[in-house]
Amino acid sequence: MNGVEHLDWGWDDGHAAAFVAVAEAGQAPGRVLTVTAGDLVVAMPDGQRRAVVGPRLKQTTTDPAALPAVGDWVVVDTTDPDQPRVDAVLPRRSAFVRHAPGLRTEAQVLATNVDSVFIVMALTRDFNLGRLERYLGAAWSSGAQPVVVLNKTDLCEDLEAALGQVASVAIGAPVHATSATEGTGLDGLGPYLEAGRTVALLGSSGVGKSTLVNALLGEERQLVRATRADDERGRHTTTSRELIRLPGGAILLDTPGMRSLALWDDEGVQQAFADIEALALTCRFSDCRHAAEPGCAVRRAIAAGDLSERRLESQRKLEREMASLTRRKGGVTARAEQRAWGKMAKRMSGEAERRRSPWGWDEA
């Protein structure tokens with residue numbers, strides 16, 4: 001249970017206690033390294049094994065986001081050595097979740113049980129503070145520590161100006177400047193990469209995540225492609241989420257570049273805009289909209305140049321997005337309840353018909 005394999009993948013006493021509390025005979029702990037089309041690669045005491053989600057877990061899990069994701073610690077049934085089955089997911093310490101792409105109102109879990117989230121952003125024409133604020137909101141909601149990694153410093157004409165802009169929005173998050181291609185600035189990431197700790201790399205396509213992984217590994221493991229010359233946007237190199245163990249014992253969770261990131265909850269939005277939230281507490285009116293109300297501390301800060309109008313509008317945009325998603329979630333919940341009641345009524349009606357005798361006498 002405390003095998004070397006698990007120590008190498010972040011196994012500790014807390015995970016061990018959670019496993020012992022639910023484990024049965026013939027079960028072993030494991031950590032999900034990759035997930036592809038329902039097929040899992042799991043690190044177990046005897047090495048890496050392919051496994052599937054067992055029927056017990058499928059039948060008891062109503063939320064797809066609760067199914068095994070990369071980074072999860074799971075309980076694996078090993079009674080059939082040819083087909084290990086995942087029977088349960090141990091409690092998650094953190095989970096980076098987004099609104100799944102598409103029209104359906106569903107959550108998509110990108111990473112679990114990570115200690116830090118490296119939000120990788122390129123110092124090129126794709127530099128976007130609004131996108132960074134969105135990533136910070138999702139990272140704070142995850143329960144992990146967000147860390148901003150400004151990559152491609154070798155392509156930045158005014159690094160000090162870029163650092164100043166990022167510092168004004170990355171409230172409470174450390175900021176590090178790196179050039180993965182030249183190997184500069186990587187030492188600053190060392191404190192987050194101690195043995196047994198897990199770090200997720202998140203960011204848009206073309207920000208240099210694969211190059212950063214290779215630099216930290218000390219080998220060319222991840223495929224790297226050049227960005228497009230016309231707009232400097234990247235092309236997807238990493239195609240699936242996977243855990244990668246570094247030589248020093250830290251674990252990287254590499255992810256494909258994302259074209260968009262739709263938030264799933266608003267827990268981290270307030271923390272991402274902690275500066276505006278602090279100012280709002282000193283407004284004259286508790287329900288101040290920061291528009292034309294007298295005594296608005298936020299408007300005073302904007303007028304004094306201490307806060308940008310862009311940042312306030314970015315917060316409002318995310319709040320509108322969250323309000324819309326909350327309404328949609330409510331609609332989904334209501335429809336689900338209606339379907340459940342409809343099925344129950346139909347079942348009860350069928351049972352009543354079966355109890356009714358041919359002469360119309362209800363035997364119940």
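**Strand pairing.** Two strands count as paired if DSSP finds at least two bridges between them. Within this pairing I found Val-75 opposite Ala-88 in E5. I then turned to strand E3 (residues 47–53), which runs parallel to strand E5 (residues 85–89) and is joined to E5 by two bridges. Here Val-52 stands opposite Arg-85 in E5.

**Basis of the entries.** The model is predicted, so I note that local features need pLDDT of at least 70, side-chain atom pairs count only at pLDDT 80 or more, and totals for chains, interfaces and linings use all residues. Residues are numbered from 1 along each chain as its sequence is written, and side-chain values use heavy atoms, with hydrogens and water left out.

**Cysteines.** I searched for disulfides (pairs of cysteine sulfur atoms within 2.5 Å) and the count came to zero. The sulfur of Cys-288 has its closest cysteine sulfur in Cys-296, at 3.6 Å, which is too far for a bond. I checked burial, where buried means under 20% relative accessible area, exposed over 50%, and partly exposed in between (1.4 Å probe, protein chains only). Cys-288 is buried at 11%, and Cys-296 is buried at 3%.

**Whole chain.** I recorded 10 helices and 13 strands. Buried residues make up 46% of the 364 residues.

Notes:
Helix = DSSP H or I, 4+ residues; strand = E, 2+ residues; numbered from the N terminus.
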